[in-house]
Structures are given as structure tokens and as C-alpha cells.
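Biologist: Before we look at any coordinates, I would like to learn how to read the features one by one. Please give the general idea each time, then the case at hand.

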Amino acid sequence: MMTNIKKIPLAFGNGISELNIPEKNISSLILPSEPEKKEDEGLLIRKALENPIKSRRLSEIVNPKSRIAIIVSDVTRPTPTAKILPPLLEELYLGGAKDENITIIFALGLHRQQTEEESKKLVGEDIYKKTRCIQHDTSRCRRIGTTSRGTPIDIFEEVLDADFVIGTGGIEFHYYAGYSGGAKSVLPGVSSEEAVLTNHKMMIDENAVSGRVDSPVRQDMEEAAKVFGLKFILNVVLDSKKGIVAAVAGDFIEAHRKGVEIVDAMYKVPVEPADAVVVSCGGYPKDINLYQANKALDNATQAVKDGGSIILVAECAEGIGNQVYECWNMECKNPEDAIERFKQCFEFGGHKSAIVAKAAKKFKLYLVSKLPEEKARTAFFTPMASVQDALSAVLSENPDAKVHLMPHGGQTLPVRKENKT
């Protein structure tokens with residue numbers, strides 16, 4: 001009897017890796033449902049600003065004397081700040097705000113300083129010329145309190161000294177804060193190193209996963225932003241081509257939740273857990289290194305039965321991508337080591353090692369990449385030369401295995417259908 005074989009193209013770096021899989025083994029193709037036709041991006045932003053959620057319009061709040069701080073994403077984020085700022089500034093000018101009283105602050109969190117070129121490109125040439133643009137500085141923070149979870153609320157003094165602060169950014173899934181956007185522009189955006197590290201320690205918590213607003217990491221961020229007094233956000237939702245498909249403005253929690261609903265409708269996919277999942281990050285730059293590729297792995301864990309297999313397809317042209325992560329991989333002999341070490345000593349970068357270790361204890365992890373085999377093994381993966389070889393390994397153990405396919409692993413979040421028994 002002939003089996004029907006399906007050819008599935010999977011993004012790998014800047015190219016494609018093809019998988020031939022018998023139809024009988026395919027459980028489902030997990031894809032995002034993005035809007036077909038798009039509204040004009042500028043119009044979406046203006047509409048959001050004209051109809052803020054649980055807030056008056058900015059033009060009704062600010063006046064010619066207001067000192068305004070606008071927090072924007074740094075160079076590591078895909079947020080199209082240069083498209084967001086013009087309509088936002090228009091709305092502020094409508095209320096009489098003056099350029100000399102406006103400061104744009106790049107929310108670096110603990111990321112590196114940007115070059116002037118990068119900053120200019122992010123906000124756009126014109127705005128960079130007429131508006132004061134500065135970068136967050138962790139050494140210039142003042143303590144205004146502590147959250148109930150013990151995180152110090154240390155905020156950049158330039159933000160504290162403003163009369164009115166606006167947070168901007170993009171809302172997408174975030175692997176331990178549940179979602180990006182909203183309060184994240186304050187913590188970690190413009191907070192001290194101690195604040196960020198204390199907050200991030202909660203990422204090993206069971207609820208600190210993608211797609212949950214009740215992640216303790218996010219709840220802590222929101223408590224800090226509330227104590228600080230963040231009043232207004234302007235957030236956008238992007239599709240896989242980085243186009244703006246929605247914008248929300250207003251109250252930093254309510255507006256954020258509206259954005260979350262939109263993200264969920266586009267990228268949450270209900271699934272029955274299968275025996276295995278083949279997941280591609282979606283190609284370059286999402287699979288530039290193993291550190292980034294982990295996000296897709298993380299999402300895929302939701303689609304597999306305990307004890308099942310995950311095949312991660314990620315080129316990793318730039319290797320592991322983080323010095324600390326690489327050290328932990330070499331020093332932790334097995335998953336237990338990494339998990340224990342993380343509990344004892346929180347070290348950013350080491351968290352990736354601990355998160356993969358947690359997955360390695362539950363599932364068989366295969367990696368199709370350009371990493372040297374040894375590096376894949378120390379990172380708790382079984383290296384495979386091709387996605388075809390990896391599938392063969394899974395099917396040789398169970399010829400009837402049901403397999404989910406996730407070609408956009410970084411962007412789609414499988415949600416387990418609860419078996420009603």
C-alpha cells in the first residue's frame with residue numbers, strides 16, 4: 001500500500017529545509033491566523049489615540065507646561081517606533097505640548113547602549129533632530145518603593161522627574177512575562193539592574209510562561225508601574241511581516257489587555273497534545289543563535305505529550321549567542337545540575353540553560369542546526385544532521401506517531417485543549 005507523503009517547507013536561516021512526512025503521521029499544521037486586509041498603519045494609531053481605553057485623550061491631559069517623557073523600545077525589539085511617534089506627537093501638540101519639554105527615552109533594561117546611528121534610525125531623522133533623545137542609565141535610578149514580591153522599584157531619574165510618562169512598545173508573546181508591552185516599558189525598561197534581576201528570578205515559576213497575563217513576572221512589573229504612576233501607554237500588535245495590524249492606547253493595564261486579546265486571536269492555536277512536534281523558529285533572524293531559538297522550543301512544549309519528542313529546526317549561524325548560556329551548558333553535566341544551579345544562583349543567560357533543562361526532563365529534544373554536535377549535546381539536545389533524520393528517529397520508535405508541524409514556532413502558541421474525561 002502506498003503512503004501519501006507530504007512535502008513541508010521549513011524556514012532554516014535564510015533558506016528552506018524540506019521535510020517529507022507520511023500524511024498518516026500528521027496531526028495538524030499549527031499556523032497563525034493573521035488578518036487578510038490591513039488598515040492604514042497611521043490611521044490605526046490615530047484611532048487608538050482618539051479613543052483611549054479608560055483614560056482621557058492625551059491632548060486633554062497635557063498642557064504647554066507639561067514635562068513629558070516618552071519611553072520607547074530599544075534596538076533589540078521589532079517595534080516600529082518611527083511610525084508610532086509622529087501621530088503620538090501630533091496628539092501631544094494638540095494639547096499644547098512643546099518640543100523643548102518632551103524627552104524620548106530608550107528603554108534599554110539591561111541591554112547594551114545604542115549607537116547614535118541606531119537611535120536616529122529608531123525614532124526617525126526629523127524627530128531625532130528636534131526632540132531630546134536619551135538612553136536609560138541603570139546607574140541613575142532612584143528607589144521609590146518595593147513590590148509585594150520584594151522587587152525594588154528603582155526608576156531612571158529622567159522618568160521620575162517628568163510630569164507625565166507615556167509607555168510605548170509592541171505586544172507579543174513573551175516567554176516568561178507572558179506578553180511584552182504595557183508595564184514592561186517601566187520594569188525592566190527604565191529600572192535598575194537589581195530591580196530587573198530580582199523581577200526576572202521569578203521566570204522559573206510554573207506560571208511564568210508565554211501567553212499568561214498572570215505570570216508572576218508580569219504581575220510584579222505591573223505592580224511596580226502602578227506604584228510609579230504610569231498613566232498611559234500606546235502599544236501596537238505586529239504581524240509576521242512586521243506590519244502594524246492593531247494599536248491600543250490608554251490605561252496601562254486595560255489597554256494592554258485589549259492588545260493581548262488581539263494577539264491571542266491571531267497566534268494562540270488550540271491543539272490536542274501529540275506524540276511529537278517539528279518546530280521551525282521561522283528562519284533568520286529568529287534562529288540566528290540558540291539563545292533566540294529557545295523561544296520557539298518553549299512554545300512547542302505546549303503541543304507535546306509528556307515523554308514525547310520535539311524536533312527544533314534552527315540554523316544557529318552565530319552559535320549559542322550568549323557567553324553565560326554557553327558556560328552553563330559546558331559546566332552543567334545534566335538537566336538536574338542546571339535546574340539546581342539556577343535555584344541557587346540566578347544568572348541571566350543561565351536561565352536559558354535551566355529552561356531547556358526543564359524541557360529535557362519532560363521530552364526528547366532533537367536539534368537540527370549548524371552547531372557542532374558537541375555544543376548541541378551540552379545544551380541537552382540530541383543533534384541531527386537533517387529534519388528528515390530526526391523524524392526517522394521518532395518514527396523508528398513509534399511508526400504511528402502523531403506529529404504537529406509548527407513552521408512559525410516563535411510566533412504561534414499552541415494551547416492544550418483540556419481533555420474532558
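Biologist: How many aromatic pairs does the structure hold?

Modeller: Rings of Phe, Tyr and Trp (its six-membered ring) pair if their centres lie within 6.5 Å; planes under 30 degrees apart count as stacked, over 60 as edge-to-face and the rest as tilted. The structure holds six such pairs. This is a predicted model: local features need pLDDT of at least 70, side-chain atom pairs count only at pLDDT 80 or more, and totals for chains, interfaces and linings use all residues. Residues are numbered from 1 along each chain as its sequence is written, and side-chain values use heavy atoms, with hydrogens and water left out.

Biologist: Which class does the pair of phenylalanine 173 and tyrosine 179 belong to?

Modeller: That pair is tilted, with 5.6 Å centre to centre and 40° between the planes. Both residues are buried, where buried means under 20% relative accessible area, exposed over 50%, and partly exposed in between (1.4 Å probe, protein chains only).

Biologist: And why is the pair of tyrosine 291 and tyrosine 325 edge-to-face?

Modeller: The planes of tyrosine 291 and tyrosine 325 stand at 65°, with the ring centres 6.3 Å apart, so the pair is edge-to-face. It links distant parts of the chain, 34 residues apart: tyrosine 291 is in helix α10 and tyrosine 325 in helix α11 (residues 323–331). Helices (H or I, at least four residues) and strands (E, at least two) are DSSP runs, numbered from the N terminus. Tyrosine 291 is buried at 13% relative accessible area, and tyrosine 325 is buried at 0%. Elsewhere, ring pairs join Trp328, Phe342, Phe346 and Phe348 into a cluster.

Biologist: Next, the cores. Which residues touch the most other members of the largest nonpolar core?

Modeller: In soluble globular proteins, nonpolar side chains tend to be buried together. A nonpolar core is a set of buried Ala, Val, Leu, Ile, Met, Phe, Trp, Tyr and Cys residues joined through side-chain atoms within 4.5 Å. The largest one has 84 residues, and Val159, Leu290, Ile310, Leu312 and Phe381 touch the most other members. Helix α10 (residues 290–300) contributes the largest share of this core, six residues. A second, separate core of 33 residues includes Ala48, Ile70, Phe232 and Val236.

Biologist: In what order do the strands of the open sheet lie?

Modeller: Strands of a sheet pair through backbone hydrogen bonds, either parallel or antiparallel. Two strands count as paired if DSSP finds at least two bridges between them. Here six strands form an open sheet in the order β6-β5-β4-β9-β12-β13, with mixed pairing. Its edge strands, β6 (132–135) and β13 (244–250), each pair on one side only. Strand β4 runs parallel to β9 (residues 164–170), and four bridges join them. Isoleucine 70 has isoleucine 166 of β9 as its bridge partner.

Biologist: Where is threonine 79, and is it buried or exposed?

Modeller: Threonine 79 is in the loop between β4 (68–73) and α3 (81–94). With a relative accessible area of 8%, threonine 79 is buried. Leaving out residues up to four places away in sequence, threonine 79 touches Ser73, Ile84, Gly169, Gly170 and Val236; contact means heavy atoms within 4.5 Å.

Biologist: Last, the backbone. Which peptide bonds are cis?

Modeller: The bond from leucine 187 to proline 188 is cis, with omega near 10°. The bond from tyrosine 284 to proline 285 is also cis, with omega near 0°.
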